[in-house]
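Me: Hi, could you walk me through this model? I'd like to go over sheets, salt bridges and a helix.

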Amino acid sequence: MEPDATPRDSITPLGQADVVVVGGGLSGATAAIAAARAGAGTILVERNQVLGGVATAGLMASITNFYYTGQDELVVGGIATEIVTRLSNMGAAPRDWQDRSCPHFTNDPEAFKVLLVDMLLEADVRVLLDTWAVDVIQEGNTLTGVVVVTKGGRHAVHGKVVIDATGDAELAVWAGAPCHEQNASCSLEFRMGNVDIGELFQYFMDNPSEYPTAMDVPQTIDEMARHWRERGFLFVPHGAGRHMRLVQSAIERGEFKTEIGLAKGLDALGMYGIAETKTMIINANFEQIDSLDPWTRSRAILDARRSVPRVAEFLRTHVPGFTDAYIAATASEIGVRGSRWLDGEKVLTEQDILAGVRFDDAVGMAPYRKVIDGRLQWLLHAADIPYGVMLPKRVEGLLLASGKSASTLPRGELRGQARCMQLGEAAGVAAALCTRDGCTPREINVKALQQQLLQGGVYLGDAELLRRRGLDDPGG
């Protein structure tokens, strides 16, 4: 009998827990930590040998500052704040990161990998690496576990609540939950060592019109300079190369091509530099593809990889600071900005965010940026993240924890590392409460969930907003 034809009820059990989390990226790792801290026995299933997903294996080692509103108000707490604080204390992220003027929390991905391991083991999470989830186990429309493939064969991992942190809503679609699909861009990061970052910084100071202040995050050149001088981190937004005369002149002279196969926009040159290590993360290839198509996805990865040495050589020969630089690492996996996402019980829209709509089931709050009057700006208020965006229709026992696959319109309104950690913590705590109280995620006492999140340091509003939410009484 072929492996795929093995009856699910005859698959050898590998483990059982209150909560099973599939996907060990930031959302999944945070969900597992939160569930275990809340008292649930937890298993985390990850296909790679490294935790952190896009942030580590993907080398996107820079957490966008979706922590502060346009009024410089910190509206994110809990594990998302704890992680940045611990990275900072390790010397692996900016020391004084708690400020709106810090655009990204550029970090050391090797330190981040170890921190996530430490936090999971501290919480007594059982971690399965080199383990692929390939199917779900259901009783009717209720998930009771997942089928996994390991080096030792095909197994079952059972849980009372399952969290889908795959980033592509894989478990949700296998279980029959309605989802959307749409092509999105992806890119392969790489890191260069021995970069004279101060020389690149000076180039932008000498050519301020070439620093794109309306790209990626709202930031003036003065803020960029402060970030470099006071924190030792240089943030160069996506698309910077398209504003740099020396880059565009080289293209016009035929000295640099901006496409290699499916890899486009090789002149984008988003960069994140750390003075202490003389390293720069480079984001310089983009593929607009159907990332769920295996042949297309594979070709995009191949083309992205062969673009890296060409971009690196161009940087060495044309861009200040890179003369003696070398490729220190390339991402072990491509970063996909979106593919499949949930049509959930609630849909968070951009209109809700812009209008500051408050949701009774808020499990977090998120700053937001928007092009207003031709300029990228931070909203003065933070948006609510409703619990319902993680809750699938027609399926019980399942929560989605990834910002890429949360139920929003347009897709990706909660994409980003900070928001993935916020969703992960909310999903983990919710799953733990469900196992404790014997209810499904759909039946959960939302006020009890919110109180538990508040106890963990999650921000759900100032005193007045907590009163309006009915959360000003610690006893719930």
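Reply: Happy to; what follows goes through those topics in turn.

Me: Great. What should I know before we start?

Reply: This is a predicted model, where local features need pLDDT of at least 70, side-chain atom pairs count only at pLDDT 80 or more, and totals for chains, interfaces and linings use all residues. Residues are numbered from 1 along each chain as its sequence is written, and side-chain values use heavy atoms, with hydrogens and water left out.

Me: OK, in what order do the strands of the open sheet run?

Reply: The order is 12-13-14-11-16, five strands with antiparallel pairing. Strands here are DSSP runs of E with at least two residues, helices are runs of H or I with at least four, and both are numbered from the N terminus. Two strands pair if DSSP finds at least two bridges between them.

Me: And which strands stand at the edges?

Reply: Strand 12 (233-236) and strand 16 (326-330) do; each has a single partner strand, so one side of each is left without a neighbour in the sheet. From one strand to the next, the twist averages 20°. Angles run from 0 to 180 degrees between N-to-C directions, with axes fitted to C-alpha atoms, for helices over the stretch in contact.

Me: What packs on that sheet?

Reply: Helix 8 (residues 294-318) does, touching strand 11 (190-193), strand 14 and strand 16, and its direction makes about 150° with that of strand 16. Contact means heavy atoms within 4.5 Å.

Me: How many bridges pair strand 13 with strand 14?

Reply: Five, in the antiparallel sense, between residues 270-274 and residues 279-283. Gly270, for instance, has Asn283 in strand 14 as its bridge partner.

Me: What do strand 6 and strand 7 form?

Reply: A hairpin with two residues between the strands, where Gly140 in the turn has a positive phi of about 65°. Strand 6 (residues 132-139) and strand 7 (residues 142-150) run antiparallel and are joined by seven bridges. Asp135 has Val147 in strand 7 as its bridge partner.

Me: Switching topic: how many salt bridges does the structure hold?

Reply: There are 26, each being a side-chain nitrogen of Lys or Arg within 4 Å of a carboxyl oxygen of Asp or Glu. In one of them, Asp361 pairs with Lys346, with the closest N and O atoms 2.9 Å apart. Asp361 lies in the loop between helix 9 (350-355) and strand 20 (362-366), and Lys346 in the loop between strand 18 (340-342) and strand 19 (348-349), so the pair ties together parts that are 15 residues apart in sequence.

Me: Is Asp361 buried or exposed?

Reply: Asp361 counts as buried at 7% relative accessibility, while Lys346 is partly exposed at 31%. Buried means under 20% relative accessible area, exposed over 50%, and partly exposed in between, with a 1.4 Å probe and protein chains only.

Me: What about Glu464, which residue does it pair with?

Reply: Glu464 forms a salt bridge with Arg467, the closest N and O atoms being 2.7 Å apart. Both lie in helix 12 (residues 463-469), three residues apart, about one turn of the helix.

Me: Last one: which residues of helix 11 are buried?

Reply: In helix 11 (residues 446-455), Leu449, Gln450, Gln451 and Leu453 are buried. Their cover includes strand 20 and helix 10 (417-437). After helix 11 comes Gly457, with a positive phi near 95°.
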